[in-house]
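Please open the model in your viewer and keep the selection panel at hand. The stops below are meant to be followed in order.

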Amino acid sequence: MFFSLILSALLALAPAKAAPAGVEPCRIYGSIYLETDPRLRSNCFATVYIEPEETFADVLVYNENNKLFADKAGLWYPADNRAFADYNLFVTTDRNLAEFSIHYTKVRSFAGCKTN
């Protein structure tokens, strides 16, 4: 009884730890390497799902031909090598395991984050 009372007092006085911040997909732009090998998943910045429908995607992505023009959210330059990419993202086929979803668009002006 005494031990539980002291333990509860210590827990009440201890500061609560903040939850780890989630991934903000609107801050991801530049050169992107999409990883598909599950063994290398731990080396990736985030997990994404490629959404077949534009309506349900969190970010609309436009593939840039030049890395210099991939300077805003949704503008991605596909990197050929993970070592030279700004972000390594793991692509999953299970929507429930992804931290956010993307959909590729063919129109540059449509690229970017969706606001709710």
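What follows is a short tour that begins at a strand, moves to a disulfide and ends at a glutamate.

The model is a predicted one, in which local features need pLDDT of at least 70 and side-chain atom pairs count only at pLDDT 80 or more, whereas totals for chains, interfaces and linings use all residues. Residues are numbered from 1 along each chain as its sequence is written, and side-chain values use heavy atoms, with hydrogens and water left out.

**First stop: strand E1**

Select residues 30-35, which make up strand E1; helices (H or I, at least four residues) and strands (E, at least two) are DSSP runs, numbered from the N terminus. Of the 6 residues in E1, 5 are buried, where buried stands for under 20% relative accessible area, exposed for over 50%, and partly exposed for what lies in between, with a 1.4 Å probe and protein chains only.

**Second stop: the disulfide**

Now select Cys26 and Cys113, whose sulfur atoms are 2.0 Å apart and form a disulfide, a term used here for a pair of cysteine sulfur atoms within 2.5 Å. By this rule the count comes to 1 disulfide. The torsion about the S-S bond of Cys26 and Cys113 is about -135°, so the disulfide is left-handed. Because Cys26 lies in the loop between helix H1 (2-13) and E1, while Cys113 lies in strand E7 (residues 112-113), the pair ties together parts that are 87 residues apart in sequence.

Are these cysteines buried or partly exposed? Cys26 counts as partly exposed at 39% relative accessibility, and Cys113 counts as partly exposed at 25%.

Finally, select Glu24, which is placed in the loop between H1 and E1 and is partly exposed, with a relative accessible area of 45%. The side chains of Glu24 and Arg27 are joined by a polar contact of 2.9 Å; a polar contact is a pair of N or O atoms within 3.5 Å, where, within protein, one must be able to donate a hydrogen and the other to accept it, and residues adjacent in sequence count only if both atoms are side-chain atoms. Drawing a C-alpha to C-alpha distance from Glu24 to Ala46 gives 9.6 Å, for residues that are 22 apart in sequence.
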